[in-house]
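Open the model in your viewer and keep the selection tool ready. This tour goes stop by stop.

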Amino acid sequence: MPKDTLTLTDNRTGKTYELPIENSTIRSMDLRQIKVSPDDFGMMAYDPAFMNTASCRSRVTFIDGEKGILRYRGYPIEELAEKSNFLETAYLILKGELPTRQQALEWENNITNHTMLHENIKKFMDGFHHDAHPMGILVSTVAAMSTFYPLGRNIHDPESRKRQIQRLIAKMPTLAAFAYRHSLGRPYAYPDNDLSYTENFLNMLFKATELKYKPDPALARALDVLFILHADHEQNCSANTMRSVGSSLTDPYSSVAAAAAALYGPLHGGANEQVLKMLAEIGSTDKIPSFIKSVKDGERKLMGFGHRVYKNYDPRAKILRKTAEEVFEVTERSPLLDIAIELERIALEDEYFVKRKLYPNVDFYSGIIYQAMGFPTSTFTVLFAIPRTAGWLAQWEEMLQDSEQKIARPRQVYLGHGQRSYIPTEERG
Ligand code: ACO
């Protein structure tokens, strides 16, 4: 009769241990009983970069990297991208179920009512230099919001959490749009509550002198799809940051700022900006072979390729390739798209990429679409942060309600000096 246990023999001592297996995992804490002597601290698992460590139990997002599956609360990403909109998907991610018609109306209404920023936040934003990166502005202004909403620190009050979540989802596009307009020296455009979430975002970004901004429905829809695809991705670098910072029971504004800072890096949310730079540098399809050679020689990375989890394909990249074609029906076709498609074709036939299971990730096409829609490259990561706020907050809520979670605090394997005595400056060689 098979048992749900793992038997380990420590060859240092000859002792055997039986560890329970639950959900295909063993508990690292069960390893601590494995000791060579009574004063031994006990065994730990060593896992730099959390390559094979589950840090939580979650019910939000499911990914099967080998099969290229991504589902939010059980719903396949392909179905949500085709049939849902971002606000509905955010509700699903945060609350676990799709909203009824009434719940959807209330949710949209609550978000719409929170889109305005306190006028002082504008003043604060004005202090940034004209060429400040919009992501730097976003990270700082989200953090500053904690000082405007001090009640956000009541993280154990479900009603307060609900209010802060609504505020953050509602205000992120406003902060992002203001950061963008600040970098151009343009006056801020206030939210228009008649418009949908993505339409209003386009309004706050691109409204000029017209009395009422009329967004292109095809572009607003493409943005909805992009936002749906970016809404959550289980325990990635920024979600892990959100949980880790939130585990010290700080307020959600400070935690979201930390998560956004993690997203800022070129290996995470900053990758699509790098993809565009790379495609522009390649310049034409005839330069692709020499570029691929430089990647294979280890001189550089093929940005927008590879993923820690997806080792077959990234389902979001597949959806975005189609979205790119739809966007280019209403905008000018970017020559970079042809370079990207050819680059993908060549890379997918090349043994270097095949052997390492490197496929296009979500960032490979998102930058090209954003550029065609009129977004400058410096806003790309900001466009990722807006929808991902829903995922961060869902992960945060789940963490707070999980009785097994505590302040996040990994262990280390210390390899430094043993104790040594202080040497006065004059005696140091
Ligand atoms: N170009 C060329 N080679 C690559 C690439 C790439 N983009 N990605 C990985 N490799 C190679 C590595 O050099 C390594 O080769 P080796 O075995 O000969 O040493 C092998 O593939 C395995 O790569 P790792 O770095 O071990 O994979 P890891 O899971 O740590 O990294 C990551 C994943 C960070 C996404 C990586 O693939 C990468 O840097 N990609 C480019 C940046 C990018 O597109 N990031 C966006 C990720 S998606 C997101 O955040 C939304």
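A residue counts as exposed when its relative accessible area is over 50%, and as buried when that value is under 20%; in between, it is partly exposed. Keep those cut-offs in mind. Note too that this is a predicted model.

**Stop 1**

Select E349 and R345. Both sit in helix 14 (residues 335-349), 4 residues apart, which is about one turn of the helix. Is E349 buried or exposed? E349 has 60% relative accessibility, so it counts as exposed. R345 is at 41%, so it counts as partly exposed.

**Stop 2: another salt bridge**

Now select D297 and K293. They form a salt bridge, and the closest N and O atoms are 2.8 Å apart. K293 counts as exposed because its relative accessibility is 52%. D297, at 44%, counts as partly exposed.

**Stop 3**

Next, pick R243 and E398. Their side chains form a salt bridge of 2.7 Å, N to O. This pair links distant parts of the chain: R243 is in helix 9 (residues 237-246), E398 is in helix 17 (residues 380-400), and 155 residues separate them. R243 is buried, and E398 is buried as well.

**Stop 4: a network**

Select E22, R27, R57 and E404 together. A network of salt bridges links these residues. How many salt bridges does a search of the whole structure find? The search finds 23.

**Stop 5: helix 5**

Show helix 5 (residues 134-148). The helix has 15 residues; at 1.5 Å a residue it should span 21 Å. Now colour its buried residues, among them P134, M135, I137 and L138. Which helices do the buried residues of helix 5 pack against? They pack against helix 4 (119-126), helix 6 (158-184), helix 10 (252-263) and helix 17.

**Stop 6: the largest cavity**

Rolling a probe the size of a water molecule over the atoms shows where empty space is left. A search of the whole structure finds 3 cavities of 30 Å³ or more. The largest cavity holds about 40 Å³ of space. To see its lining, select A176, A177, Y180, F201, L205, F375, T379, V382 and L383. Helix 6, helix 7 (197-206) and helix 17 each give two or more residues to this lining. Helix 6 gives the largest share, 3 residues. By class, the lining has 8 nonpolar residues, 1 polar residue and no charged residues.

Conventions. Residues are numbered from 1 along each chain as its sequence is written. This is a predicted model: local features need pLDDT of at least 70, side-chain atom pairs count only at pLDDT 80 or more; totals for chains, interfaces and linings use all residues. Side-chain values use heavy atoms; hydrogens and water are left out. A salt bridge is a side-chain nitrogen of Lys or Arg within 4 Å of a carboxyl oxygen of Asp or Glu. Buried means under 20% relative accessible area, exposed over 50%, partly exposed in between (1.4 Å probe, protein chains only). The expected span of a helix is 1.5 Å times one less than its number of residues. Contact means heavy atoms within 4.5 Å. On a 1 Å grid over the protein atoms alone, a cavity is a set of points where a 1.4 Å probe fits but cannot get out, and a pocket is an open set with protein on both sides within 12 Å along at least five of seven lines; lining residues have an atom within 4 Å of a point. Grid points are joined across faces, edges and corners, and a volume is the space filled by probe spheres set on the points. Ala, Val, Leu, Ile, Met, Phe, Trp, Tyr, Cys and Pro count as nonpolar, Asp, Glu, Lys and Arg as charged, and the others, Gly among them, as polar.
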